[in-house]
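Biologist: I would like to learn how to read the packing of helices and rings in a model. Could you take me through one case, step by step?

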Amino acid sequence: VVIATLGNTLGALTTYYLGHLASRRFSPEKLLKPRFYQAKKLIQQYGAPLLIFSWLPIFGDLFCMAAGWLKIGFISSFLFIILGKFIRYYLIVWVLM
């Protein structure tokens, strides 16, 4: 559970960082595809706590990228990402045991 959580969290933080880098180079108008726009809107509305759902397929990565794009605080983003990933893997192991 710990190794899966850490590995998956590092992937999410990479996506967060890529969003942060993209915000420097591209204006929102150039990159606002429908799914990214939805994720950006949710992040603006709910902030870092939404990142607890970063484990969701497709939308989880978009949430992380949008959080980086909007420069949501790194520490709070990290804490919600790792919490969501841990809960996911803990529940998987709990169900399978």
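**Reading rings and helices**

Modeller: This is a predicted model, and we can begin with a single side chain: Phe 78 is partly exposed, because its relative accessible area is 27%, which lies between the limits of 20% for buried and 50% for exposed.

Biologist: Which residue forms a stacked aromatic pair with Phe 78?

Modeller: Let me start with another pair and work towards that one. By the rule used here, there are 4 aromatic pairs. One of them joins Tyr 16 and Phe 74, whose ring centres are 5.8 Å apart and whose planes stand at 65 degrees, so that the pair counts as edge-to-face. Tyr 16 belongs to helix α1 and Phe 74 to helix α5, so this pair ties together parts that are 58 residues apart in sequence. Phe 74 in turn pairs with Phe 78, and here the arrangement is stacked, with 6.4 Å from centre to centre and 15 degrees between the planes.

Biologist: Are Tyr 16 and Phe 74 buried or partly exposed?

Modeller: Tyr 16 counts as buried, since its relative accessibility is 7%, whereas Phe 74, at 43%, counts as partly exposed.

Biologist: How should I think about two residues that lie a few places apart in a helix?

Modeller: An α-helix has 3.6 residues a turn, so residues three or four places apart point the same way. In this model, Phe 74 and Phe 78 are 4 residues apart in helix α5, and about one helical turn therefore separates them. Tyr 16, Phe 74 and Phe 78 form one aromatic cluster.

Biologist: What does helix α1 look like, and which helices do its buried residues pack against?

Modeller: Helix α1 runs over residues 2-25, and its 24 residues reach 35 Å from the first C-alpha to the last, close to the 34 Å expected. Its buried residues include Thr 5, Ala 12, Leu 13, Tyr 16 and Gly 19, and the buried residues of α1 pack against α4 (59-69) and α5 (74-96).

Biologist: How is the packing of two helices described?

Modeller: Two packed helices are described by the angle between their axes and the distance between the axes. For α1 and α5, the angle is about 140 degrees and the axes are 9 Å apart, which makes α1 oblique to α5. The crossing of these two helices, α1 and α5, is right-handed. Among the residues that make the contact are Ala 4, Asn 8, Leu 13 and Tyr 16 of α1, together with Phe 74, Phe 78, Ile 81 and Tyr 89 of α5.

Terms used:
Residues are numbered from 1 along each chain as its sequence is written. This is a predicted model: local features need pLDDT of at least 70, side-chain atom pairs count only at pLDDT 80 or more; totals for chains, interfaces and linings use all residues. Side-chain values use heavy atoms; hydrogens and water are left out. The expected span of a helix is 1.5 Å times one less than its number of residues. Buried means under 20% relative accessible area, exposed over 50%, partly exposed in between (1.4 Å probe, protein chains only). Contact means heavy atoms within 4.5 Å. Rings of Phe, Tyr and Trp (its six-membered ring) pair if their centres lie within 6.5 Å; planes under 30 degrees apart count as stacked, over 60 as edge-to-face and the rest as tilted. Axes are lines fitted to C-alpha atoms, for helices over the stretch in contact, and angles run from 0 to 180 degrees between N-to-C directions. Angles under 35 degrees count as roughly parallel, over 145 as roughly antiparallel, 65 to 115 as roughly perpendicular and the rest as oblique. A crossing is left-handed if the near helix is turned anticlockwise from the far one by less than a right angle, and right-handed if clockwise.
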